[in-house]
Protein chains: 2
Amino acid sequence: MARRPSPSPRAAAPLPGRRVRGSATGRPVMAALDLLGRRWTLRILWELRAAPLTFRALQAACGGVSPSVLQQRLGELAEAGLVGHDGGSGYALTPLARRLMPALLALEGWAAEWAAALGRPR
Amino acid sequence: MARRPSPSPRAAAPLPGRRVRGSATGRPVMAALDLLGRRWTLRILWELRAAPLTFRALQAACGGVSPSVLQQRLGELAEAGLVGHDGGSGYALTPLARRLMPALLALEGWAAEWAAALGRPR
DNA sequence: TCCTAATGCTACGATTTTCGTAGCGCAAGG
DNA sequence: CCTTGCGCTACGAAAATCGTAGCATTAGGA
């Protein structure tokens, strides 16, 4: 692992884009649905579920997402308090994010049913 | 309600776009994560959870999404066997999609925790 | 020390997706 | 007939995403 988060004066570069335009009108579910309904967000949380990953490992696990998008999503997730930069071991889920795991596990179970139903409607 | 799915001879216009480019490499979870990780997909399923909705009602419930996007998402969801066109009463969740509800409910519960944690770290 | 390899992350143009609005054909109500 | 509301599509503009190249930095070895 190289490049620890030493006091490099970067940051402050919010990356192009960044808008809210979310549909989060009121209830917290909406906000969650909006945050998780962005591309790669769910996938990132899923890949991080077992162990922390470095930036590049995470990128590889997600099938080679563009580093710019990964960086943006990671920033959003960090701002939402779902991932942290566990110095040295890369990015990791926060306890709060870990409490989302039951839902993701339920999703995994459902996905199996779904695949079975989809592969055998004939 | 007007406009029942009578034998109108148009259709056959699959709408521009439509690509797969998904990250679904292997496991069914990936495919689910990919499908649900598109904008509005989760929201659509959520809004449909209680009762069927007409196209326009669904559009309004989703904060006025573009009808083109809504149409595309609805098509993808229909192709995935998650929503159906329950003639007369609009779009409705299939039994398969209804089995996804526990996961969404878990998500809702988590969202409450999340909002509480986010709104009170100060 | 100098070199190599690997890391986190950014820039930038190209491609794809999403948005916003206007509008068609149709069915029901008056 | 005329109005209203519906499902849905077209199309140009805006935004998100992709893909690749590359910088700066660090660790390890020769």
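**Questions on a predicted two-chain model**

Colleague: Which residues of helix 1 of chain A are buried?
Modeller: This is a predicted model, and every value below is computed from it. Helix 1, which spans residues 28–36 of chain A, is mostly covered, since seven of its nine residues count as buried. Those buried residues of helix 1 of chain A are V29(A), M30(A), A32(A), L33(A), D34(A), L35(A) and L36(A).

Colleague: What covers the buried residues of helix 1 of chain A?
Modeller: The cover includes elements of chain A as well as elements of chain B. From chain A it includes helix 2 (41–47) and helix 4 (67–79). From chain B the cover includes helix 2 (41–47) and helix 6 (101–119).

Colleague: How many residues does the largest nonpolar core have, and which have the most contacts inside it?
Modeller: As a general background, nonpolar side chains in soluble globular proteins tend to be buried together. In this model the largest nonpolar core has 66 residues, and those with the most contacts inside it are I44(A), L82(A), I44(B) and L82(B).

Colleague: Which residues of chain A are in contact with L82(B), leaving aside its neighbours within four places in sequence?
Modeller: Within chain B, the contacts of L82(B) include L35(B), L77(B), A92(B), L93(B), T94(B), L96(B) and A97(B).

Colleague: Is T94(B) buried or exposed, and at what relative accessibility?
Modeller: T94(B) lies in the loop between strand 2 (91–93) and helix 5 (95–98) of chain B. Beyond its neighbours within four places in sequence, T94(B) touches G81(B), L82(B), V83(B) and G84(B). Because buried means under 20% relative accessible area, T94(B) counts as buried, with a relative accessibility of 17%.

Colleague: What area is buried between chain A and chain B?
Modeller: The contact draws 39 residues from chain A and 39 residues from chain B. Of the area that chain A buries against chain B, 19% is supplied by R39(A), W110(A) and W114(A), more than by any other three residues. Carbon and sulfur atoms give 70% of the area buried between the two chains, which is about 3700 Å².

Colleague: What is the N to O distance in the salt bridge of R99(B) and E113(A)?
Modeller: In general, side chains of opposite charge can pair when their charged atoms come close. The structure holds 10 salt bridges over all chains, and two salt bridges are found across the interface of chain A and chain B. The side chains of R99(B) and E113(A) meet in a salt bridge with an N to O distance of 2.5 Å.

Colleague: Which residues of chain A are linked in a network of salt bridges?
Modeller: R38(A) forms a salt bridge with D34(A), their closest N and O atoms being 3.2 Å apart, and both of these residues are buried. E76(A) and R73(A) meet in a salt bridge at 3.3 Å, N to O, and because they are three residues apart in helix 4 of chain A, they are separated by about one helical turn. Both E76(A) and R73(A) are buried as well. The residues linked in the network are D34(A), R38(A), R73(A) and E76(A).

Colleague: How many residues apart are E76(B) and R38(B)?
Modeller: E76(B) forms a salt bridge with R38(B), the closest N and O atoms being 3.4 Å apart. This pair links distant parts of the chain, with E76(B) in helix 4 of chain B and R38(B) in the loop between helix 1 and helix 2 of chain B, at a separation in residues of 38.

Colleague: What is the phi of W40(A)?
Modeller: W40(A) is placed in the loop between helix 1 and helix 2 of chain A. In chain B, W40(B) is found in the loop between helix 1 (28–36) and helix 2, and it has a positive phi of about 80 degrees although it is not a glycine. For W40(A), phi is likewise positive in a residue other than glycine, with a value near 80 degrees.

Methods
Residues are numbered from 1 along each chain as its sequence is written. Chains are lettered from A and ligands numbered from 1 in the order in which they are written. Side-chain values use heavy atoms; hydrogens and water are left out. Buried means under 20% relative accessible area, exposed over 50%, partly exposed in between (1.4 Å probe, protein chains only). Helices (H or I, at least four residues) and strands (E, at least two) are DSSP runs, numbered from the N terminus. Contact means heavy atoms within 4.5 Å. A nonpolar core is a set of buried Ala, Val, Leu, Ile, Met, Phe, Trp, Tyr and Cys residues joined through side-chain atoms within 4.5 Å. Buried area is the accessible area (1.4 Å probe) that two parts lose on being put together, summed over both. A salt bridge is a side-chain nitrogen of Lys or Arg within 4 Å of a carboxyl oxygen of Asp or Glu.
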